[in-house]
Amino acid sequence: MNFGRVFCIAAAVLVLVTAMLALSGAQTPSKEPIKIGVLYPTTGSSAFQGISETNATKMFYEEKRMQVAGRKIVLISEDTEAKTDVGMTKTKKVVELDKVSVINGYQNTAVGYAIRDYLNQVGVPALVSPSGGGFTRKLFSPYIFRVSPATFQYTYEPSKWLFKKGYKRAIFVGADFAAPRECFRGFKRGFEEAGGKIVQDLWPPLGCSDYGPYISALKTGEADVLVLTVWGADSIRIINQLADYGMKSRLPIFGVASFCDEGVTIPPMGANAEGLMSCYISCPSTPNPENQRFVSEYKKRFNTLPGHLAYLAYIAAQATYEAMDKVKGNVEDKEKFLDALRKVNFTTPMGAKGYFDEKQGMVYDLLLMQVKKADGEYHNFEIDRLKGIKDPVNIFP
Amino acid sequence: METWIIHILNGVSFGMLLFLLASGLTLIFGLMNIVNLSHGGYYLLGAYIACTVMTKTHNFLLAILSGGLSIAALGLFMERFFLNRLHKKPLAQVLLTIGFTLVFADASLIIWGGVPYFVEKPAFCLRPIMIGKSGFPSYRLFVIGIGTVVGLLLWLFQERTRVGTRVRAAVNDEEIARALGINVRFLFTVIFTLGAFLAGLSGVMGGPFYGAYPGADFEILLLTVVVIIVGGLGSLRGALVGSLLIGLIDNFGKVFFPQMAMFTIYLPMVIILAWKPSGLFGAEN
Amino acid sequence: MEALGALRGGELRRPMELRKLLAYFFTAALLVLYPFIVPSQYFTTLATQVLIFSTFSMGLNLLLGYTGMASLGHGALFGAGAYVPALLSKYVINNFWIGMSTGLLMALLISVVFALIAVRISGVYFIFITLALGQVIWALVFGWKSVTGGDEGITGLGSPLVWPSFSLSGGNQYYYLALLFFLIVLMITYRVITSPFGHAMVGIRENESRMRALGFNVWRCKFIAFVVSGVISGLAGVIWAYYTGFVNPRDASFERSTEAVLMVILGGSGTFLGPVVGTTIILIIKNIVAIYTKRWLFVLGMAYILIILFASKGVMGALKGRLKGLLGQT
């Protein structure tokens, strides 16, 4: 074993690696552009979400001509693969190597929670969009701003809306992991407070391939509505399988959060999507001018309708931009920049006011939607709106 | 009574899907001792291709043929140019086949994007079959049917034709087999291609059910491995029994022990490992 | 004449030793001073990961490369090493040495159970059994939500004191911790490989029945190899948990297992430094190539395929062959 030879090889590798990293974009500090880290999962099972989020982010900053207050903006886009350790490594890369001033990213809750301590320690502001409620609670950090509504936020009030609409008994089906469990707590409390009753709750595993056993166990005779908290491929599967068993026509169905997602889950559901209700933050068919502009621009660029997560990423970019603009591009003054972030107040594409509450979670207008057929295609249409819904931290600490 | 029938049919239909998946893998493994970890990748590509074909033509038979044959061609390519030099080198096979899985995964991401796809069901399967008051998906009955047909054909192939015996001879002792005039190279290629065809077919059949999306390849691989461990490597009978067993246990497990849902797939496997590690019908090696 | 020749022989020998000594010295200096000579903290981050995963893959190499048993379940052992300190810090106490020792103990326990079940199986089947066993551990970690936190895992491991006035805060400390254990494991594996036991392992890999005929207790050798590699994997897991500050079912997943196997094979299974080379290459592709192209997954896959086609013994395997020719050594 010739150590000298091994040493030479190791040294050569080190030089090569250093060169590659150095060339990848580190610049000498002077009047340099503002670097924004864009960290979404662009490969793996969340790829379709991460790609649309990255696209929406790029679209926003390009609309602003990649500059704010006369200073150039550079986007550093990395793939978190929706995996905690990869997310951490990429975060370290953009913070330590690229020296970004702010991050837009983290759609996966586990990844978001994992990097919380690190971001808090290095003091880089991040606008994140997980569904878990941790950031406005135990995992609060002055540097982290959650632009997505959290589990309790989008189930507590909507459950009361459901009851008022005449659905008094509900069956709740949720994928068995943390976020749906939180959703259940939020939904149950709100629903029961309004006078409703949860007659059954079922918990298929995440990524369940066969919902048969659960579908066969549904007590459809005893309920008025079926509440489903599964997402991504699972939502498509459960709806299709419900239809296969002839169960879909037996009960109205209410999907939680991004259950009915334009361009993602609705097309594969096909005709089975008809009549599905859901409650979340965006609806491409809503005719207000800003929304229509956003939707047509997005469609022109990416050949598909923007889903909920694309809206969230866009909103994160909006908030970031407004704060950067308010401090006239001087993001190096951390205190001022953070303060500006806390005080943002802009209009989202849905025509709602975008601002953060005291726990740095965004307050939302929640849209109640139903899928209807229009021009031979199935889309979400707004049927009601709950305005200014905050994360109910005092009720669900 | 009818709920029990539904539950049993659920379990059997899921089991049949597993059988389609496992039959290809056990054929390749058991007969040729090749570690093909790109089996999940074959499933995924087969499902994606079927999706595209169904969207354009709405002809399920065409989807089956295109899905199965294209993956068979892929398998042929991989066996001819890559795997044939790696006989008796399991580690190299592992690396190579995983490498191919990653390439397939990235190619799928480029071609179809990351959105989950579900193959359209054939027209005659769109309405549920009524069993008493409850509906049961007719597509699942279709899967049971196809699975049975495939199983019978494979059994005939293995037991009744000379190809089966020849392959076994060739695996046991290649040199003697060659001396007896058996074209070993050709035989291996045929078997591998057949296994790949079955994998592609299971992609088409599983497509409406399970779906095609990034990550499905490794999920499918794991499911298939569990079946093979339970049933025994290289045994067709084992693949059938193993898949049905797992399908039924998974179904009833979810119904009666909902907290254990995660384990219902792994429980039979653990029991077999503790009791008879070579599987129910596997050869004691 | 002979006197001259003897003199020359004596002189020729010393420069060789000096060169070797200098090489050792420079490598050591490089390793120790690394965090201070690189332009950014990120290099240290990557290097720490390389060290931790090299520890993992070196342990696996003992089983995979030297004994010839391909386990696809060592991710579970790595994960066990990672989860135990995390669970301990969440429910009991956040102490580095207690965390480490209990982590190693758990890895030992699980390795023993795995080995008892799997070692009697040989060949291709062994690959699958280990995969399945690993999955059982994963399912446990993922499913037992109330204890392990399920898919969200356990975060906030913090920076416990390793010994007085040396707490694990800041990137550099983790680098040195990882380096320390890497060197320890390096020495252990060297000792094992060069020992009679190590030769027995290779003998089993090459021709099991002959070893049996020669009177070796083959099962016992395999068992020990499995358990040792398992404990080393667990050790890597412990360091990993403290380094990242969180654990997640992914740390015990099938993916972890395959990653480690790939690192060993790519670098050269059955070679001493192969795992280190393989780990470095794979982590470079994942992190650095990924900066330049979205298609890093494709690049990684192609790397695996090309290595098999052109250097089927892995990088070190191929290099060793060349080196022998160049240097005229045996």
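# Salt bridges, hairpins and an interface

Arg385(A) is partly exposed, with a relative accessible area of 21%. Here buried means under 20% relative accessible area, exposed means over 50%, and partly exposed lies in between (1.4 Å probe, protein chains only). The model is predicted: local features need pLDDT of at least 70, side-chain atom pairs count only at pLDDT 80 or more, and totals for chains, interfaces and linings use all residues. Residues are numbered from 1 along each chain as its sequence is written, chains are lettered from A and ligands numbered from 1 in the order in which they are written, and side-chain values use heavy atoms, without hydrogens or water.

Start with the partner of Arg385(A). Asp365(A) forms a salt bridge with Arg385(A), the closest N and O atoms being 3.4 Å apart. The pair links distant parts of the chain: Asp365(A) sits in strand β14, Arg385(A) in strand β15 (residues 377-389), 20 residues apart. Asp365(A) counts as buried because its relative accessible area is 12%. A salt bridge here is a side-chain nitrogen of Lys or Arg within 4 Å of a carboxyl oxygen of Asp or Glu. Helices (H or I, at least four residues) and strands (E, at least two) are DSSP runs, numbered from the N terminus.

Strand β13 (residues 353-356) of chain A joins β14 (residues 362-374) through two bridges, and the two run antiparallel. Strands pair if DSSP finds at least two bridges between them. Tyr355(A) has Val363(A) as its bridge partner in β14(A). Five residues lie between these strands, and in this hairpin Gln360(A) takes a positive phi near 65 degrees.

Which residues form the covered face of β13(A)? They are Gly354(A) and Phe356(A), while Lys353(A) and Tyr355(A) form the uncovered one. In a regular strand the side chains alternate between the two faces of the sheet.

Now widen the view. The whole structure holds 39 salt bridges over all chains. In one of them, Glu78(A) reaches Lys93(A), with the closest N and O atoms 2.7 Å apart. Glu78(A) lies in strand β3 and Lys93(A) in helix α3, 15 residues apart. Both residues are buried. In chain C, Lys222(C) bridges to Glu208(C) at 3.1 Å between the closest N and O atoms. Lys222(C) is in helix α10 (residues 218-244), Glu208(C) in helix α9 (residues 208-213), 14 residues apart. Lys222(C) counts as buried because its relative accessibility is 6%. Glu208(C), at 24%, counts as partly exposed.

Finally, take the interface of chains A and C. The contact (heavy atoms within 4.5 Å) takes 41 residues from chain A and 43 residues from chain C. Four salt bridges are counted between these chains. Asp176(A) pairs with Lys145(C) in a salt bridge, the closest N and O atoms being 3.1 Å apart. On the side of chain A that touches chain C, α1 (3-23), β3 (71-79), α3 (84-97), α4 (109-122) and α6 (178-194) each supply at least two residues. The largest share, 13 residues, comes from α1(A). A network of salt bridges also links residues of both chains, including Glu81(A), Lys83(A), Arg250(C) and Lys286(C).
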